2 protein chains.
Amino acid sequence: MAKHDPNLNLKFAALSDETRRAVVSRLARGPASVSELASAHAMALPSFMGHLSKLEAAGLIETTKKGRVRYCRLSADGIAPVTHWLAEQQALWTSRMDQFDAYVAKIVKERTDET
Amino acid sequence: MAKHDPNLNLKFAALSDETRRAVVSRLARGPASVSELASAHAMALPSFMGHLSKLEAAGLIETTKKGRVRYCRLSADGIAPVTHWLAEQQALWTSRMDQFDAYVAKIVKERTDET
DNA sequence: TAGATAGTTAGGCAAATGGCTAAGCATGAT
DNA sequence: ATCATGCTTAGCCATTTGCCTAACTATCTA
């Protein structure tokens, strides 16, 4: 993955709203139709549809139309780049703490050998 | 953690920009001064400072002033709520896949017993 | 065919965002 | 005291965001 993946912008931005995160959580439990998803949110349908559009543009969900009903489901691996990026930072951070721990252990040993 | 944590909005929003993610990655390797951080980004200093403000408001970094230099470092556990929320969704999704796997295994067994 | 349901499109509004320049303040160096 | 460095504040601009209502289209039901 490129160091600066513009899609990461979209994914984090898509998740920066509690309504959209609620949709992701709901879909983590299984697919649902737009009406079903919308019924849990007190907002106008076009506004809610706007949220779904952002999630889809970010690659986090997929939608399909069957007759007059649009079904939504999480995209397989849609969230993976987000999780990967966070794991990278965690690894960098942990590596630093490991170095710090090693440094402290070294200092302690030096003090112990002095006595 | 509340189901809808407004701070999660701020954290995801703070990470929805590649400049701010670059800052987080840099700080994962150790603290740095504002000038040091800014030197890696082609933008006016006040604009860059705006990014640091958003990261700080989101609780992802902490800054301290020593003389005329402002130092930045990652907040311990600042990113934890983001990681936790993602882990929750992963668990929900995985739980669904487990149910699906169990269902498939049951179907396969039924077909096998028929022969 | 008419009515109901599910979603889509268009336009609007206030607030937020991400950048800029200019000017200024605080601190350190000479 | 003056100059340099590091940051801070203020105001501006274009774009995006998150919501709204109104009107419309597509599909299903009776």
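User: Why is B:Asp77 called exposed?

Analyst: Its relative accessible area is 65%. Exposed means over 50%, buried means under 20%, and partly exposed lies in between, with a 1.4 Å probe and protein chains only. B:Asp77 is therefore exposed. This is a predicted model, in which local features need pLDDT of at least 70 and side-chain atom pairs count only at pLDDT 80 or more, while totals for chains, interfaces and linings use all residues. Residues are numbered from 1 along each chain as its sequence is written, chains are lettered from A and ligands numbered from 1 in the order in which they are written, and side-chain values use heavy atoms, with hydrogens and water left out.

User: How do you know that the copies meet through the same surface?

Analyst: Of the interface residues of chain B, 100% are also interface residues in chain A, so the surface is the same. Contact here means heavy atoms within 4.5 Å.

User: What makes a residue count as near DNA strand D, and which residues are closest?

Analyst: One of its heavy atoms must lie within 4 Å of the strand. By that test 17 residues surround DNA strand D, and the closest are A:Ala44, A:His51, B:Ser35, B:Met49 and B:Arg70. Helix 4 of chain A gives the most to this surface, with 4 residues. By class, the surface has 8 nonpolar, 4 polar and 5 charged residues. Ala, Val, Leu, Ile, Met, Phe, Trp, Tyr, Cys and Pro count as nonpolar, Asp, Glu, Lys and Arg as charged, and the others, Gly among them, as polar.

User: Which part of DNA strand D supplies the atoms within 4 Å of the protein?

Analyst: Sugar or phosphate accounts for 71% of them, and bases for the rest.

User: What makes the approach of B:Arg70 to DNA strand D a polar contact?

Analyst: A polar contact is a pair of N or O atoms within 3.5 Å; within protein, one must be able to donate a hydrogen and the other to accept it, and residues adjacent in sequence count only if both atoms are side-chain atoms. An N or O atom in the side chain of B:Arg70 is 2.6 Å from a phosphate oxygen of DNA strand D, which meets the cut-off. For A:Ala44 a polar backbone atom takes part, at 2.8 Å from a phosphate oxygen.

User: What does A:Arg68 approach on DNA strand C?

Analyst: A side-chain N or O atom of A:Arg68 is 3.3 Å from a base oxygen of DNA strand C. The side chain of A:Arg70 has an N or O atom 2.7 Å from a phosphate oxygen of DNA strand C.

User: What makes helix 2 of chain B mostly covered?

Analyst: Of its 11 residues (18-28), 9 are buried. Among them are B:Ala22, B:Val23, B:Val24 and B:Leu27. At the N-terminal end, B:Asp17 caps the helix, with a side-chain oxygen 2.8 Å from the backbone nitrogen of B:Thr19. Just after the helix, B:Gly30 takes a positive phi of about 145°.

User: Why are strand 1 and strand 2 of chain B said to stand at the edges?

Analyst: The open sheet has 3 strands in the order 1-3-2, with antiparallel pairing. Strand 1 (32-33) and strand 2 (61-66) each have a single partner strand, so one side of each is left without a neighbour in the sheet.

User: How do you know that strand 2 and strand 3 of chain B pair?

Analyst: Two strands pair if DSSP finds at least two bridges between them. Strand 2 and strand 3 of chain B are joined by 6 bridges and run antiparallel, so they pair. In one of these bridges B:Ile61 has B:Leu74 of strand 3 as its partner.

Methods: Helices (H or I, at least four residues) and strands (E, at least two) are DSSP runs, numbered from the N terminus.
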